[in-house]
Structures are given as C-alpha cells and as structure tokens.
Amino acid sequence: MSPQPVLTLDSVSKSFGRIEVIHDVTVDVYPGEVTVLLGENGAGKSTLIKMIAGVHQPTSGRILLDGEPVSITDTKTSESLGIATIHQELNLVPSMTVAENITLGRTPRRFGVINRAEMRRIARDALAQIGLDLDVDTHVGELGIARQQLVEIAKALSLDARILILDEPTAALTTSEIEALFDVVRDLKAKNVGMVFISHHLDEIAAIGDRVNVLRDGGFVAQVPATTDEDELIRLMVGRSIDKQFPREPGVTVQNTPGDGDAAAPGSTAGSGAAQPLLEVKGLNADGLRGIDLSVRPGEVVALAGLMGAGRTELLRCLAGADHYASGEVRVNGRKLKPYDVAAATRAGVGHVPEDRKTQGLVLDASVAENIGYATMGATSRFGLVDRRGQKARAEKIAERLRIRMDSIEQPIRSLSGGNQQKAVFGRWFSAGSKVLLLDEPTRGVDVGAKVEIYELINEITAGGGCVLMASSDLPEVLGMSDRVLVMSQGTIAGELPTAEATQDSIMQLAVSNVHRDEEEPHAASADTGDEGATA
Ligand SMILES: Nc1ncnc2c1ncn2[C@@H]1O[C@H](COP(=O)(O)OP(=O)(O)OP(=O)(O)O)[C@@H](O)[C@H]1O
Ligand SMILES: [Mg+2]
C-alpha cells in the first residue's frame with residue numbers, strides 16, 4: 001500500500017466559458033515523491049496545477065489535503081496551506097529587486113518599517129539553496145530569463161512548503177543549473193515534501209520523477225512509473241509514436257531565391273557553386289559582444305551554442321534590429337541592414353523568435369490571428385487598412401499547419417498554453433515568408449510532437465533558400481538540426497564545428513574555453529554580457 005497522499009485532485013473538471021479543458025482527472029501527490037504531469041502542449045497540465053495554486057477553481061470535483069476536502073479560493077490560501085508554486089510563466093515584478101520579489105507578500109518588518117537587512121538575508125539564503133550568486137538588489141527586469149527563472153525557484157523554495165509545484169522550471173535553464181535544481185529536489189524528497197513536476201524533457205522525468213500521470217486533451221490517459229522508457233511515454237502522450245525526433249534534411253544548399261521578388265535579391269549570384277551568404281556579419285561589437293564575424297548561406301541552419309551569458313541572445317537581438325551595436329555591419333543578401341531598426345530588418349526578410357515570448361514576442365491581449373499577422377501587416381493591408389479577413393485566413397492556415405491548439409483564431413493569445421504561444425511566434429515569421437530566421441531557443445516549452453513540426457518548418461524554410469541562425473541550449477537539438485555549430489564564449493565566437501563532426505563534449509569544451517577556470521565564476525563572469533544584466 002502506498003502512503004496516504006498529501007494532496008489529491010479528485011475527479012476535477014475545469015471549463016472556461018463553455019469549453020471544458022480538463023475532464024474528470026484524478027491525481028495523487030505523495031509525500032517524498034515527485035509526481036510528473038506529462039502531456040502535449042495544451043493537454044491541461046498548467047490548468048491542473050493552477051487549481052492547486054488557487055489561480056483557478058475546479059468547475060467540479062474536489063481537492064483533498066491529507067484526505068480532507070479544502071477550498072483553495074486564491075493564491076494566498078494555497079500558500080497558507082503549505083503549497084508553493086513555480087509557474088510556467090514567471091510571476092516576478094520586473095521593477096522590483098530580487099530581494100523584494102523573493103519576499104513579496106511577506107515583507108519582513110521591524111517596528112512597522114520594512115526591515116531591508118532581513119529581507120536581503122532571506123533572499124540570499126534562498127539563492128544560496130540553488131547555488132545562485134546574484135546581487136539581491138538587482139532589479140529583476142535587468143536579468144535574463146534564465147536568471148529570472150532561478151529567482152522564481154528560489155522564491156518558492158524560501159516558503160518552506162510541504163507541497164512544491166514546478167511547472168516547466170527547467171525550460172530556460174542550462175545543464176548545470178538543472179543539476180543544481182535537481183539536487184534541491186532530491187533533498188526535498190528526503191524531507192518528505194510532495195512535489196508535482198512538469199517538463200517536456202523526458203530524460204528529466206527519469207532523473208527525478210517517481211510516477212507519471214499522462215494527460216491527453218484534458219483527460220487522464222495513464223499512470224506509469226517514471227522508469228517507463230521514452231518511446232512508450234511519447235506514445236502515451238501523443239497517441240502515436242514518433243520515429244524521427246530530428247528530421248533535418250541537410251545539404252539543401254540553394255542558390256539564390258527563385259522568383260520571390262520581394263526577397264531583396266540584388267546581387268543575384270552569377271555563377272552557381274557556393275551561394276553568396278544570405279546573412280553576413282562583420283566586426284560586430286556591442287554590449288557584451290566582441291568582434292563577431294559570421295556568415296550563413298542560403299539553405300543552412302547554423303546553431304549558436306554556448307553557456308548562459310555567452311552573448312547568444314544579445315547577438316541575435318542586434319541582428320534583428322532589437323538592440324543597438326557600437327560598430328560593425330550586418331548584411332542580408334548583400335545589402336547592408338540599418339542598425340537598431342526592427343521594421344527595416346523585417347522588411348529585409350529577417351524574422352526573430354526571441355527568448356522571452358511573453359515580453360518580447362507577443363501582444364498578449366491581441367488575438368492569435370493578430371499576433372501571427374503582425375509581421376505581415378504590409379502583405380495583408382489594402383488601401384492602408386489592415387485586411388482582417390486576409391490576415392485571419394493566413395493565420396488560420398499557419399495555425400493549422402503548426403497544429404496550434406485553440407478554440408478560435410480570435411481568442412486572445414494569452415489564453416493559449418505556453419507551448420502553443422511559442423508556436424504562434426514561430427508561425428508569424430513563417431507566414432511572413434522570412435528568409436533569415438533568428439531563433440532564440442525556438443523549442444523551449446514545446447512538446448516532442450510539436451518540436452518535430454517546427455523542425456519540419458525549418459527544413460522547409462531552408463529548402464526554399466532561406467537560412468536559420470539558431471541559439472539553442474538543447475545540445476541534442478543542436479546536433480540533430482544544424483549543419484554547422486558556432487560556439488560562443490564570453491561574447492566572442494570561440495570556434496566553429498561542422499555538426500557532423502561535433503559532439504556534446506567538443507561543443508562544451510569550446511563553450512568554456514574563454515571562461516576562467518574557477519567553478520564559482522560563470523555567473524559572475526557573465527555579468528558583463530548584455531543579455532544577463534548587471535550584477536555589480
Ligand atoms: N484562461 C483561459 N481561458 C480559456 N482557455 C484557457 C485558459 N487557460 C487555458 N486555456 C486552455 O486550456 C487548455 C490547456 O492549457 P494548459 O495551459 O493547461 O496546457 P499545458 O498542458 O500546460 O500546455 P503547455 O505544455 O503548452 O504548457 C488549452 O487549450 C488552453 O488554450
Ligand atoms: Mg503549461
């Protein structure tokens with residue numbers, strides 16, 4: 001017999017309006033165990049945990065704590081019941097400091113006055129738990145997404161909860177940070193904390209999970225042990241097996257774009273042979289970037305690998321016109337691109353999928369159709385007015401192509417599941433016919449099946465003469481989907497490897513090549529790169 005569950009979702013259902021997104025699901029959470037929720041994007045994982053966190057209330061069914069029914073009417077109640085939640089979409093206040101965020105809602109006071117020293121102490125202790133060395137007076141808005149994620153984790157840990165819920169906590173983290181987090185999880189298991197864990201990385205399930213509850217379309221499919229092999233988990237989750245996780249079709253080196261007049265093709269390459277680069281960067285210097293030279297030819301997928309803070313995000317942002325650079329030049333199809341001008345980059349055929357879709361990629365209150373259509377305003381406007389019907393039709397096509405799970409294309413994008421939002425950002429550039437795609441962690445939070453769909457789009461873009469520059473911390477993805485790997489370290493390109501000859505080890509070796517040997521340093525050392533903000 002198993003011990004008594006510390007928490008039970010007992011036949012819960014949840015509807016939003018007339019639409020039922022969770023149907024009669026039962027999940028038990030045991031003390032000292034990690035209960036995994038597994039399912040495709042939109043399966044209902046986050047909605048389930050939001051009922052535990054007090055964000056949503058079940059439409060029917062009960063929640064039991066130690067076998068007793070409880071009513072979790074709001075997030076405060078959830079916390080007071082000893083439940084801490086790390087949400088998929090971060091809940092930090094960017095204008096507040098790390099310390100203020102961690103102690104939010106329970107600010108320590110002395111004689112009625114905020115006790116800043118105590119506040120900093122709580123925050124420092126919390127960060128120390130996950131081995132994060134960060135100035136607690138830094139404003140959260142200055143931090144990159146990985147570090148924000150770590151702050152969110154630290155905040156939840158500092159609540160000393162008996163139930164901890166982790167909704168895709170690892171999506172933005174690198175291997176060493178994930179390991180640090182898992183050490184904490186193992187420690188909490190030993191302390192009998194009951195945990196719920198959600199991740200699209202199946203290897204993580206084997207690493208820390210105990211039992212896996214599989215969901216599909218808001219319904220319960222099966223409960224299996226975490227030792228179940230990956231193929232079987234995929235089959236349960238997707239309802240079919242996936243034979244090729246990385247369907248890259250390499251070597252589609254194309255000359256210049258056929259037909260497509262608006263793709264800015266001035267120097268239509270005379271001879272055949274090696275096509276002229278579609279994207280070319282020379283001597284680019286910017287905040288945290290030094291002397292970047294690179295070129296990407298039509299038909300190529302080039303991966304940017306490196307540690308957190310190596311400058312990958314910053315580089316992509318400069319190329320996309322989202323950030324300023326001090327010197328150097330960027331050429332698209334031979335034509336010099338105006339710096340720091342997103343609209344000019346978009347017109348030149350550059351598409352950017354940023355690392356943080358919530359603040360940089362999407363207009364959350366706008367509809368799915370509008371979000372997909374933003375980059376195609378030109379193509380779909382008639383007589384200066386946005387052609388909503390045209391926009392809608394295009395968006396519908398691309399949403400279907402990417403299997404974006406939603407009720408209606410007119411639905412606000414905010415109400416889509418995380419992975420489906422990510423697909424929508426991708427869909428925007430695909431429907432805009434972008435030729436140079438700059439992808440920053442393009443499949444973060446995307447389920448295994450949908451990843452393959454995105455990879456197929458990448459193939460299609462390169463087969464059509466486009467090119468892709470892709471920052472990814474997912475080394476299997478780098479090895480499986482790129483043709484060449486550029487490894488960044490400390491704001492420079494430390495080396496280049498043909499993917500066919502690269503291994504995880506050879507990439508990591510280059511990634512740490514400029515980093516000082518001190519194990520303590522990586523966080524501090526990355527402080528000078530633009531994408532991770534100042535820690536000084
Ligand atoms: N506030 C809301 N209003 C309407 N529909 C919603 C709302 N919140 C979630 N949904 C819908 O509920 C379904 C389940 O979403 P949920 O976020 O739980 O999925 P998920 O399993 O966490 O997916 P992901 O892996 O992408 O994070 C989706 O179809 C989503 O569009
Ligand atoms: Mg989710």
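A: A polar contact is a pair of N or O atoms within 3.5 Å; within protein, one must be able to donate a hydrogen and the other to accept it, and residues adjacent in sequence count only if both atoms are side-chain atoms. The model is predicted, so local features need pLDDT of at least 70 and side-chain atom pairs 80 or more, while totals for chains, interfaces and linings use all residues. Residues are numbered from 1 along each chain as written, chains are lettered from A and ligands numbered from 1 in written order, and side-chain values use heavy atoms, without hydrogens and water.

An oxygen atom of ligand 1 lies 3.5 Å from a side-chain N or O atom of Arg405. For the side chain of Asn41, the corresponding distance is 3.0 Å, and a polar backbone atom of Gly419 is 2.8 Å from a ligand oxygen. The protein covers 86% of the 640 Å² of accessible area that ligand 1 has on its own (Shrake-Rupley method, 1.4 Å probe).

Turning to the rings, there are two aromatic pairs (Phe, Tyr or six-membered Trp rings with centres within 6.5 Å; planes under 30 degrees apart are stacked, over 60 edge-to-face, the rest tilted). Phe182 and Phe197 have centres 6.0 Å apart and planes at 80 degrees, so they are edge-to-face. Both are buried (under 20% relative accessible area; exposed is over 50%, partly exposed in between; 1.4 Å probe, protein chains only). Phe246 and Tyr455, at 5.6 Å and 35 degrees, are therefore tilted. Phe246 is partly exposed at 27%, whereas Tyr455 is buried at 1%.
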